[in-house]
Amino acid sequence: MMCSNSFTSSFKKFIPVLILVILIITVGKCLNYVYLDDYIDGSARNFWHNFYHYDRGIDSICIGSSHVQCDVDPQVLTDLSGREFYDMSTSALPQNGCYYLLREACREYDIKHVYLEMFYAVNICSEEDGTYVDRIESGRNFNWRNTDYMKPSLNRLLYKLSIGPVENYPEIFVPFIRYRSQLFDDGHFNYELIRHAMRAKRDPSYLNYGETDMPLRDGEMRLLKNGFQDSTITCGPDKFTLYPNVDLTRRKIGDTTKKYIEKIASFCKRNDIELTFFISPMHRLQTMSTVDYDAYHAQVAELAAELDVPFYDFNLAREEYLREIIRPENMIDPEHFNRYGAEKFSTLFWQVISSDPAEARNYFYNSFSEALEQSEPEVYGLWGLDFVENQDGGYDRINRIVSNHPEAFSYDVTILPDGIEAYAAEDLSAEGTFSFPLNGTGTILIKAQNKENGSIRELELPYKP
Amino acid sequence: MLFNSIHFLLFLPIVVIVFYCLPAKVRYLWLLAASYYFYAQWNPVYLLLILGCTVVTYVSALLIESRSRSKAVMAGTLIITLGALCYYKYTPMLLHLAETVLSWFRIDASRLQTMDILLPVGISFFTLQSIGYVIDVWRGDTKAEYNFFRFALFVSFFPQLVAGPIERSKNLLSQLYSVQKLSYENIRRGLLLVGYGLFLKVVIADRAAMIVNTVFEGLSEYTGLYVAIAAFFFAIQIYCDFYGYSVIAKGSALMLGIRLMDNFNAPYFSQSIKEYWSRWHISLSTWFRDYLYIPLGGNRKGKRRTQLNRLIVFAVSGLWHGAALSYMAWGILNALFQTGEDICKWLGAKWFPNRVPDKNRFSSRLFATLRSFILFDLAWILFRAGGIRPALLAFRSMFSTFNPFIFFDGSVFTLGVDKNYMAILMVSILILAIVDIQKYKGIDVVDRFFAQSPAFRLIAELSLVFGIALFGCYGEMYDVQQFIYFQF
């Protein structure tokens, strides 16, 4: 009797604690509901739902960033190979994310083939105030959004723990804490954000893991059930003016990133999974802006050789294979393919990965510089290099016309500012560098005449401040 | 390891759980290991320093007890412990001083400045605590501790190791002997204190720090009420920072069944500077009272000597805070304020012998509180400005213009904290004021809290948890601020 009374009184003591814990969890869940930014995280939610409910079984996965999502069409590969392919990828996914996604895939399905994408932007260090930070440390948000919708498991816990140091655990483990600053965006109470998020989350389409009224990009992309980001967007002329910001001569693959690539390789070896590294092709305007793409390629090739993993860099693919793929109508932007480009690239991808390694070599040049050298002279677009203050107190933008053979062309550049009379760029150098005052919007008309055959290539590129 | 870090929030429950799982006889060893781990997170090399301090004071106390209060041992202990403290704390200042003096004689002594001495965290606290123990043994107020490991825990007990309270052996050492039973009351009270301490630190102190840093790091750009506002928020910042630390320390220790002394007792409601110093950093004030002021003669040797003793104590207290003249000036200013108060009281009694002010009148108390707060706050400028010259610049800037419009045109919200967060900050300060008023009245706030209805408590506890989660300065968006008193 005494014992029973003592137990009852102890239990009574803990009732308020229990209620408090339940309330903390409930309020936390409500705040997650209110705060979680589905503009970004909606795709992760749908991705995981589709992945866990994929009824066809999966034996081959392509892992990586948005390049995998947009460039590799699993349906094409499934049709060509007779295997079941899946795009196990989310935007800008760093290599620790790739590792844990691979483990998750192996937990759920019997995976036999893994194609790991090695896009430079997710592997090289970020530059922050003159110091180089591994992408895994600098791009935590690309990882933590993934973990919110994974099934509870030890793998998920380990993934979360790998995302950041102890000090970031609140943001990693409690989603609303990441977005708490949004409550007071722009100095006022951001009721609109909450209202919109709550309305969207009550939408039947959202509840059924369909497309939400929160567009992923321009409303013309949709995430298919096999992880493919299907898009009909085509690359407009505005996309061919870039501001290069990645110098691959200075930024190397980070040590932590390397460690996770090695973990992926050893995991695959242990589980008898065939691993292949690849890089999907990009528009030359993009690849050339990295200053020395070969420096990056050499790093990956070295790592692949060390780990005894085949590596295919499609930026080095021979021109005859890429000519019909890398075209504005096949691309969303200079980095990603749309549905049409993905279909063509996936076909080439299968041709390469299904051939004998010695034979596969025939699809590629030895280096990116050789690829540029061997290609027909072409004008790819424009780089906005810098801004300098002009005499009128405004700013001039310094531009360079990008070509694989700049010496093969003579240029004629006309600036057509909106509402002002057109004029020719006066300071045009032989390498195609020129500047113009950047006030307002307009168009740059580039006429590049091939010195050898006299053919003219015309580019009309819009500009804005 | 900072109290406001996730590392600590993981460390504390592990320490508490393992502590109660172990047999009572060996628990102190676990706490000692945890305390050394805690300290090693800053710099493992300095564990040698704390170990050295422990060995010296442990052996000294035993020698003093066995050799009937040997003065030589006492003096030797003071020389070694204070010598170590001075070496780490004051060498850079002394070298700078030496360089300045030598430069008057055109002697190049710039190489002196190349000595790079990193101040070990908490050295000022554990040194004073150890010295206090040895003096107590020497005076016969306490017995020497024979168990080395238990004594080592007394010196290094992690909740109060790096920023106090500076405990007395009578209070802490005796508790290390008693068997701490797992108590629901202690755990819930401890958790509440840790939560409240975190609220003070990450919601109030670190937010106020944004305003303070903006103004004091750009003193040449701010004048008038901008500087006054920054000074006001610095008073809030330093109080919530240090009080927050002390409350977390008290809460953490309470979860282990150990009661630490109160280090603060609503100081900003004091009605005089003297009262303020009996409510601010109580463990340090009483340490200086017992081990310096009273040995100097205290107030037993006449009025002039009392004032001189006070001046010495406050100058030393200032220097204890930091190796700079501005800290000493801050201490002296506080002593002078008290002298001023004494003179005013004396003059009042002499000139108006029949007019005795009614101290219970609300307006009198309000005036006295405001006056005292303004005086402390002016002194705080010396503390924060980072030198006497910047402090003088701050005083000059504060009184150079009168710009009340900054409250109406939104300028006040350009100091690093926008309108919404300012509103949250002010509401938080109001909560602090309500709690402090209760304390000032002598009410045990924790007792009173647990006497409220369960619904009220639940709402308050939830508000505390989510207030910290939503409005605290921590995580990726913020630079986690170290506790101010860690640097001392």
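Start by selecting Leu445(A): across from it, in strand 19 of chain A, stands Glu460(A). Before going on, note that this is a predicted model, where local features need pLDDT of at least 70, side-chain atom pairs count only at pLDDT 80 or more, and totals for chains, interfaces and linings use all residues. Residues are numbered from 1 along each chain as its sequence is written, chains are lettered from A and ligands numbered from 1 in the order in which they are written, and side-chain values use heavy atoms, with hydrogens and water left out.

**Stop 1: the hairpin in chain A**

Now widen the selection to residues 442-450 and 456-463 of chain A. These are strand 18 and strand 19, which pair in the antiparallel sense over eight bridges. Strands here are DSSP runs of E with at least two residues, while helices are runs of H or I with at least four, both numbered from the N terminus. Two strands pair if DSSP finds at least two bridges between them. Between the two strands of this hairpin sit five residues, and Gly454(A) has a positive phi near 75 degrees.

**Stop 2: a lysine on a helix**

Next, click on Lys259(A), which belongs to helix 14 (residues 255-270) of chain A.

**Stop 3: over to chain B**

Select Gln438(B) in helix 16 (residues 419-440) of chain B. Gln438(B) counts as buried because its relative accessibility is 17%. Show its neighbours too: leaving aside residues up to four places away in sequence, Gln438(B) touches Ile443(B), Val445(B) and Arg448(B), where a contact means heavy atoms within 4.5 Å.

**Stop 4: chain B as a whole**

Zoom out and colour chain B by secondary structure: you will find 18 helices and zero strands. Along its principal axes, the C-alpha trace of chain B spans about 70 × 65 × 60 Å. Of its 488 residues, 54% are buried. Among contacts between residues at least 6 apart in sequence, 77% join residues at least 24 apart.

How values were computed:
Buried means under 20% relative accessible area, exposed over 50%, partly exposed in between (1.4 Å probe, protein chains only).
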